[in-house]
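Walk me through this structure, chain by chain and then into the ligand site. Keep it short, and give the cut-offs.

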Amino acid sequence: MVEQSDAGLSRRGLMAVGVASAAVASAPSATAAPAQDAPILATVTLEVNDRKQTLHLDTRTTLLDALREHLKLTGTKKGCDHGQCGACTVIVEGRRINACLTLAVMHEGDTITTIEGLGTPERLHPLQAAFVRHDGYQCGYCTPGQICSAKAMLDEIKAGVPSHVTADLSDKPKLTEAELRERMSGNICRCGAYSNIVEAIAEVAGGLVKGEPA
Amino acid sequence: MRAFTYERARTPAEAAAAAASEPGARFIAGGTNLLDLMKLEIETPRRLIDLGGLKLDEIKATRDGGLRIGALARNTDLAADKRVRKDYPVLSRALLAGASGQLRNKATTAGNLLQRTRCPYFYDTNMPCNKRSPGAGCSAIGGFTRSHAVLGTSEACIATHPSDMAVAMRLLDAGVETVRPDGATRTIPIAEFHRLPAETPHIETALAPGELITAVTLPKPVGGKQAYHKVRDRASYAFALVSVATIIHEDGSGRVALGGVAHKPWRVEEAEAAMPRGAKATTEALLSGARTTAQNAFKLTLAERALGAAMAQPRG
Ligand SMILES: Cc1cc2nc3c(=O)[nH]c(=O)nc-3n(C[C@H](O)[C@H](O)[C@H](O)COP(=O)(O)OP(=O)(O)OC[C@H]3O[C@@H](n4cnc5c(N)ncnc54)[C@H](O)[C@@H]3O)c2cc1C
Ligand code: SF4
Ligand code: FES
Ligand code: FES
């Protein structure tokens, strides 16, 4: 535990030094202040997978780092750390979000579900079981994000939230392949398991409606 | 990321006063743009004022038949709102064409309007950029410019505004309601909200320091066939190369605004008189004064064709 947080600190230190020397080389006004800031601490209580957790954190800690580095819930993955890949998708207050683009301190009292809270190896969530059945992955790195995203995405369809490919905004969205693909576009899979991911999600959703073309 | 203190604002006026009291203070709403830039130390606030606790997420009918959208209404909720889908479908369409499901669940109305450019040199802290460091120079001019602006550019900056939602807001003549640090409120017409880069590309909007957006208002619905055509490198989850927001009435008259071509949503009301005469006539007026490079001249053709596609749809 201690080892891990030490590693975290020195990584951050290295990054900051890197930025400062780059700034000296070409953009002197960009980072004039010292490279290392003393951390400013705050306390936050989260309800993660039905357990209340109180954390004392550097205000800079993202929800993703709080889950992985502090609560050791490493099922949620860090891909890009910039909202571009969806590997960090978790469900907060019933909605899927990118845990890398939000601060832990912004979630006082919030209910958070990670992949660990959806199912366990002994009792898989239906989506987890379907991903296994349909080979919805290769390396598996994007999978926790895919599954958390899919869970909340199906709830969005049920709630009638339209998407870019919904033909008629006054209609309830239909469960078509085009809809699933569009709605899951925030989850990138470098292994390209997309077609099996669509099959797995479609099975859990009760099968696809034959699509209007996108 | 630089260290910062964190606090939750309790009232809009208090938030504005707090933000004005210190140059390093910034509001945070969804955080999806600000945190991205803070990680790269392009934004370095020393004090973050979280707006999350302010009850500014309501979408309510106004007395004159329009809609008042709280500054903190999430992009997902705004796009899904029944009144928006029925009376302002171009706004739903623009929102749904942007970002991803996850990001739209966090992104707010005000944050979306205030998101910063996606110019790759703005993001690359090793390269000079007038928007990041005023006076440093512009790396895009003479560099790779495929994604850059073709209208309203200056010698200092050729960046575009990346928002899809803002293009629809401009088309719909939205108003931006604010409260200033002294407690005074005002409504800024969307046409005057975003600025062209001119000599000061780091000043992007008409907001004064500390001024807080409380809501965006829409006038009463104008009907017509409404559409948002977004052309991008991927079918989903990519910023626009060019986007065209349109309202077209049965007689061929209407409105048009473009995204991806300038430092703000591009609308020229006088050019709309040409709409009944077709896409070519309209874009001739709309795009006049364009300054292109060999890499981004395609945007002019794309705009004309996207408008043509919108006009070819059945009306009414
Ligand atoms: C991978 C990725 C892809 C994306 N693709 C698209 C796309 O295709 N199209 C598109 O339009 N957008 C896209 N976005 C951008 C996204 O829409 C914005 O990040 C989002 O709308 C910002 O809203 P926010 O509430 O998270 O803002 P924040 O990050 O919280 O804030 C942004 C800015 O607004 C200020 N601010 C926030 N609220 C207020 C207020 N009430 N008053 C005054 N100032 C305020 C903040 O101080 C900050 O400077 C994408 C983003 C990512 C990460
Ligand atoms: S175009 Fe604007 S944002 Fe891009 S490098 Fe030049 S000054 Fe910076
Ligand atoms: S790690 Fe959050 S989106 Fe990639
Ligand atoms: S399974 Fe490898 S990235 Fe998706």
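**From chain A to the ligand site**

Chain A has an accessible surface of about 10500 Å², and carbon and sulfur atoms own 55% of that surface. Accessible areas here come from the Shrake-Rupley method with a 1.4 Å probe; for residues, only the protein chains shown count as cover. The model is predicted: local features need pLDDT of at least 70, side-chain atom pairs count only at pLDDT 80 or more, and totals for chains, interfaces and linings use all residues, while side-chain values use heavy atoms, with hydrogens and water left out. Residues are numbered from 1 along each chain as its sequence is written, and chains are lettered from A and ligands numbered from 1 in the order in which they are written.

Chain A holds 7 helices and 5 strands. These are DSSP runs, numbered from the N terminus: helices are H or I with at least four residues, strands are E with at least two. Along the sequence the pattern reads α-β-β-α-β-β-β-α-α-α-α-α. Of the 214 residues in chain A, 50% are buried. Buried means under 20% relative accessible area, exposed means over 50%, and partly exposed is in between, with a 1.4 Å probe and protein chains only. Take the contacts in chain A with a separation of 6 or more: 54% of them join residues 24 or more positions apart. Contact means heavy atoms within 4.5 Å.

One residue leads toward the partner chain. E156(A) sits in helix α5 (residues 143–158) of chain A. Is E156(A) buried or exposed? E156(A) counts as buried because its relative accessibility is 12%. Beyond its neighbours within four places in sequence, E156(A) contacts R96(A), V161(A), R183(A) and N105(B).

Now the interface. Chain A brings 50 residues to the contact and chain B brings 44. The two chains bury about 4000 Å² between them, with 52% from carbon and sulfur atoms. Buried area is the accessible area (1.4 Å probe) that two parts lose on being put together, summed over both. K39(B), Q102(B) and Y237(B) supply 17% of the area that chain B buries against chain A, more than any other three residues.

Next, inside chain B. Strand β6 (residues 175–179) contains V179(B). V179(B) has a relative accessible area of 7%, so this residue is buried. Its contacts, not counting residues up to four places away in sequence, include P12(B), A13(B), A16(B), G210(B) and L212(B). The C-alpha atoms of V179(B) and E14(B) are 9.9 Å apart, although 165 residues separate the two along the chain. Helix α11 (residues 279–286) of chain B has A279(B), A281(B), T282(B), T283(B) and L286(B) as its buried residues. They pack against β11 (254–259) and α12 (298–312) of chain B.

Last, the ligand. Why is the site shared between chains? The site is shared because residues from chains A and B surround ligand 1. Of the 37 residues around ligand 1, R26(B), F27(B), G31(B), T32(B) and T108(B) come nearest. A residue is near when one of its heavy atoms lies within 4 Å. The shell divides into 18 nonpolar, 14 polar and 5 charged residues. In chain B, β2 (25–28), α7 (109–113) and β8 (212–218) each supply at least two residues of the shell.

An N or O atom in the side chain of R26(B) is 2.5 Å from an oxygen atom of ligand 1. A nitrogen atom of ligand 1 lies 2.9 Å from a backbone N or O atom of I213(B). The protein covers 96% of the 990 Å² of accessible area that ligand 1 has on its own.

Terms used
A polar contact is a pair of N or O atoms within 3.5 Å; within protein, one must be able to donate a hydrogen and the other to accept it, and residues adjacent in sequence count only if both atoms are side-chain atoms. Ala, Val, Leu, Ile, Met, Phe, Trp, Tyr, Cys and Pro count as nonpolar, Asp, Glu, Lys and Arg as charged, and the others, Gly among them, as polar.
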